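Here is a short walk through one protein model. Look at the whole fold before turning to its parts.

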Amino acid sequence: MNVLKDILYKVSLTSTIGDMERRVSDIVFDSRKVSANAAFVAVPGTQVDGHDFIQTALEMGASTVVCERLPEQLKEDVTYVQVVSSAKALGIMASNFYGNPSDKIKVVAVTGTNGKTTTVTLLHQLFVRMGYSTGLLSTVENKINEEVIPSTHTTPDAVSVQALLRKMVDAGCTHCFMEASSHAIVQERIAGLKLAGAVFTNITHDHLDYHGTFDEYIKAKKKLFDELPKDAFALVNADDKRGMVMVQNCKGTYQTFGLKSAADFKAKILSNTLEGLELDINGKLIWFRMIGSFNAYNLLGVLGVAVLLGEDEEEVLRQLSGIKGAKGRFDRISIGGITAIVDYAHTPDALDNVLKTINAFRTGNEQLITVVGCGGNRDKTKRPTMAKIAVSESTKAIFTSDNPRFEEPMEILRDMQAGVGPSEVRKTLTIEDRREAIKTAIMLSQKGDIILIAGKGHEDYQEIKGVKHHFDDAEVATELLTQLTGN
Ligand SMILES: CC(=O)N[C@H]1[C@@H](OP(=O)(O)OP(=O)(O)OC[C@H]2O[C@@H](n3ccc(=O)[nH]c3=O)[C@H](O)[C@@H]2O)O[C@H](CO)[C@@H](O)[C@@H]1O[C@H](C)C(=O)N[C@@H](C)C(=O)N[C@H](CCC(=O)O)C(=O)O
Ligand SMILES: Nc1ncnc2c1ncn2[C@@H]1O[C@H](COP(=O)(O)OP(=O)(O)OP(=O)(O)O)[C@@H](O)[C@H]1O
Ligand SMILES: N[C@H](CCC[C@H](N)C(=O)O)C(=O)O
Ligand SMILES: [Mg+2]
């Protein structure tokens, strides 16, 4: 139980009605989850407006309502708190409710279109190896040291962020590495969070369905850096043309990383093979188990964060050298002479990077067959671009379903097909069923060939009309490769 007026510390209030000394049992933004004496925070959403559920929340036992617009009829035994932004209030209230855990742990947030999960996963593994009790909030999983807490979002909702940080502090964690998605930044899921630092990996085409325009998408990411406190650091990719845009209004100090431009953390790629990367960092030659030049950026981001957090550069490089990336990122399965690569590339830039990386390793006439789909109820404009990239960088492309969600799979596939020019259509097949698509890719392959299965990476489900069916690209590829190659 917490006193309401304390929970509202630092929230921008418009007006209050009723008892501010009231004890609050929980902070809830979903009327369906309200329990007795909870504070219900009404947040306007993309589907519905939380203000329409105030009555339901009261019937479920809420004794405090936090909202931007007061209801017409007020109940006597309820406290009403009118705020400027409910979403922002929710984050600040949750932080106060959980005892402001981010004051007691160094939290570093990573944003960017691609590379967030890879960067935070490497950082988490690195800091655990270096002896720190460390937390992780990521697309793949949330973690307190090695304890896994399943993840539902790239960045959890505002209340879960604070509750998870509280658990981390209670478990003795000194650091937490987290992803900050553009959705989360706009929706204020990290309001109330005190950051020790923030990282910008890159920005390319994605999420235009949500942000509307690329400029708005850039603004969403920049907001993370605009709101950094003075004593925090920003670390940005100097080779991305929006890197410096991110820190234009940053109150904290900033540093850069890159392979091409002048940067504080700079590397040169000496070798780039299917076994890993050899980098020259300040004259030191270091080998890493990560594949593809895009991972050199992720490694530099990780190095920069560790050094900015006060770690010794040589020790960091020594430890980092032995670390593997996140699940579902360039996972290789070689059976019967055929190699399948499962990768989470679900944006045009990621797909282009991963295909170019594989192509650079091709030595002879081996085929590269790409199995790829695009998610439903997500940015439609990336579909033809992803299809075009898949076709131009592969011997053959098989278009299939990703997570169709509430869309018709064949309509998504038609959007993809529209990106393929008449001369390249013969290089494509469209097979709606993902398992059949993977099977066909294997049947079309011979020894030495490579199959890229893109888009779902670590996901162990396929979401169709609101139901998540078990589906794991690596599992299916292993099973079918074994069966079809007789190994
Ligand atoms: C588009 C989007 O981001 N939606 C997120 C948002 O929900 P919303 O604004 O649509 O909510 P809504 O359904 O309109 O409801 C508005 C409010 O009314 C409340 N409500 C609703 C119904 C009811 O009966 N009672 C009630 O009180 C809701 O709890 C909510 O507070 O806020 C919710 C709570 O935090 C999120 O769960 C939800 O994520 C949805 C499920 C989602 O799929 N989000 C994806 C796109 C997402 O967030 N992805 C990013 C990663 C993207 C990337 O970088 O690749 C992520 O961070 O995971
Ligand atoms: N620095 C990078 N630049 C470009 N592409 C990258 C980079 N790092 C990884 N990728 C590609 O993007 C895919 C997704 O990487 P990762 O999961 O690290 O990104 P993310 O930003 O966490 O994605 P999400 O927004 O879905 O959480 C990888 O599977 C790989 O193909
Ligand atoms: N965080 C991303 C994940 C996309 C993964 C891809 N498999 C898809 O379903 O589109 C999103 O929610 O847009
Ligand atoms: Mg991620």
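What percentage of the 487 residues in the protein is buried? Buried residues make up 51%. A residue is buried if 20 or more other C-beta atoms, placed from the backbone, lie within 10 Å of its own.

This is a predicted model, in which local features need pLDDT of at least 70, side-chain atom pairs count only at pLDDT 80 or more, and totals for chains, interfaces and linings use all residues. Residues are numbered from 1 along each chain as its sequence is written, while chains are lettered from A and ligands numbered from 1 in the order in which they are written.

The protein has 16 helices and 26 strands. These are DSSP runs, numbered from the N terminus: helices are H or I with at least four residues, strands E with at least two. The C-alpha atoms fill a box of roughly 75 × 55 × 40 Å, taken along the principal axes.

Now turn to ligand 2. Its shell holds 24 residues, each with its C-beta atom, placed from the backbone, within 6 Å of the ligand. Gly 115, Lys 116, Thr 117, Thr 118 and Ala 350 come nearest. Helices α4 (116-129), α10 (293-308) and α12 (348-361) each supply at least two residues of this shell. The largest share, four residues, comes from α12.

Next, the strands. β14 (residues 233-237) runs parallel to β15 (residues 253-258), joined by five bridges. Two strands pair if DSSP finds at least two bridges between them. Val 236 stands opposite Thr 256 in β15. β15 also pairs with β16 (residues 265-273), in the parallel sense, over two bridges. There, Gly 258 has Lys 266 in β16 as its bridge partner.

Note on methods: A residue is buried if 20 or more other C-beta atoms lie within 10 Å of its own, exposed if 12 or fewer, and partly exposed in between; C-beta atoms are placed from the backbone.
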